[in-house]
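Q: Could you walk me through reading a few features here, starting with a helix?

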Amino acid sequence: MTFPFPEQPGTTWAATPPPECPAHARPGAADGLARLFGPEAAADPMGLYERLRARHGAVAPVLLDGDLPAWLVLGYREILEVAGTPARFSRDSRNWRWFREGRVPPDSPLLPMIAWQPVCLFLDGEERNRLRLAVTDSLDRFNRRGIRRHITRFTHQLVDGFIERGEADLAEEFCEHLPMLVLTQLLGMPDEYGPRLVAASRDMVAGTATSVASNAFIVDTLMELVRSKHTTRGHDITSWLIDHSSRLTDEEVWNHLRVVLIAANETTVNLLKSTLRMVLTDPRCHASLAGGQMTLPDVVEQVLWSEPPLMTIPGRWAAVDTEVGGQKIEAGDMLLLSLAAGNHDPAVRPDPSIPLHGNRSHLAFSSGPQECPGQNIGRAIADTGIDTLMARLPDVRLRIPEEELRWTSGWMTRHLTSLPVTFSASRPAHSGATAGTAFERPPGTTPHDGSLPAAEPPATPPPGPPPAAPVPRGRTSWWAALKAWLRG
Ligand code: HEM
């Protein structure tokens, strides 16, 4: 990796990297690289991407935490090229030269995202195909109607929790909860796990004194779930992973359930928040929805273009010396894909104001052999959840001026911290609705239509409050730090 560009003031460049900065250790290294982390980058990530594009073109050299160097791929076509050619750009982080040369500090905050794990995310070739096939086959077995039934039921439950007040924070009381509640059903957990998993995952994000125990609760819950499904299979991802012809070990099963939870929850929470904000604040969108010109799925697609839930994703590692976007990439270099910058690449969208009605060729779900296998589930949660919410709160409106909405960013994601609204208060329509009571399977449907039967409780009851027992350090820090990282 060479760093051919001089310092340029007025941007978030690292004007004077310290002498120990790894960039200095490479031939051609120069000062003036953009840092992809820190308050300035977080304040305006899109502005940073555009400055990088103007300065370097489709692929820019950047520094990550600890001033570790990487290439940031900003061009739409270049992202397709990198994501689509694993023979040149591997997913195996053990290829990273900085790892191999022992230059990544053991406490680097990058490790949660890039330290190698025995899951499909970090594998190439046959082994990756074996594990990915098990995940995609299991996700594909759900049909749309079955999933929508759960989304509708949980949306009603959540709305019933605040509808009498006439006001709510939809980010906090709706968006942060719905995806995890639906996911518990897809994984085959009893309903009562949902609120506890939401609480445990939010506790970890907050980094409280009990976050270690909360992480242990999640991991132990997944391990217990796998054990229980050996006794009683259900219509769920856990059972299908166990039975898949890829013959996963139990450890591989619960590790991939954790991958699904991580990949699905945070992304879908962000998509819900951004879509709701657009529905509530964008007059064109409001008018379009009312006038029937733009359906809610169209709005979701528009958000996936303009505010992809994951702005930038790690990581690909060059398997050979190669070239992309006019930059010479050396074997062992790390590349990050800036999905948000790719979506705004003037080479493919010369006029960003042109509406994209229903166009799905954005990069929000990445592309190539790693492309998100849960995208239709994420879309279904966003559009069915919001559709149902709007039907319950027909006069809902933002309680504060749009300019007062607050965002938080990390280098991977940017999301709203709150979405305060008012609406006409009314009595809960589905008061007391709990699992399987308010929205039972419609008459005439059977589990074979993809609807999920009530999940079997595990052989051993789930733990009560998150256990305080110590858990292996690596597992805990990986999960907790990953969540904290995603949330910025
Ligand atoms: C709607 C919000 C979602 C967005 C924006 C999103 C986006 C992404 C992205 C960008 C990747 C990385 C692809 C790459 O490395 O090239 C990914 C991977 C993945 N996603 Fe999603 N995702 C969403 C929802 C979901 C849901 C709901 C599920 C499951 C129910 C899911 C399951 C996965 C899995 C298992 C992977 C890893 C795939 C692999 O490594 O082969 N995602 N997702």
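A: The expected span of a helix is 1.5 Å times one less than its number of residues, and helices are DSSP runs (H or I, at least four residues; strands are E, at least two), numbered from the N terminus. For the 16 residues of α6 that gives 22 Å, and the end C-alpha atoms are 22 Å apart, so the two agree. This is a predicted model: local features need pLDDT of at least 70, side-chain atom pairs count only at pLDDT 80 or more, and totals for chains, interfaces and linings use all residues. Residues are numbered from 1 along each chain as its sequence is written.

Q: Which residues of α6 are buried?

A: An α-helix has 3.6 residues a turn, so residues three or four places apart point the same way. In α6, the buried ones are R128, L131, A134, V135 and S138 (buried means 20 or more other C-beta atoms within 10 Å of its own, with C-beta atoms placed from the backbone). Their cover includes α12 (237-243) and α13.

Q: Which residues come nearest the ligand?

A: Near means a C-beta atom, placed from the backbone, within 6 Å. Of the 26 residues around the ligand, A264, S366, C372, G374 and G378 come nearest. Two or more shell residues each come from α6 (125-140), α13 (250-281) and α17 (375-392); α13 gives the largest share, 7 residues.

Q: And what is the strand order in the open sheet?

A: Strands of a sheet pair through backbone hydrogen bonds, either parallel or antiparallel. Here 3 strands run β6-β14-β11, with antiparallel pairing (a pair needs at least two DSSP bridges). β6 (167-169) and β11 (397-398) each have a single partner strand, so one side of each lacks a neighbour in the sheet.

Terms used. A residue is buried if 20 or more other C-beta atoms lie within 10 Å of its own, exposed if 12 or fewer, and partly exposed in between; C-beta atoms are placed from the backbone. Two residues are in contact if their C-beta atoms, placed from the backbone, lie within 7 Å.
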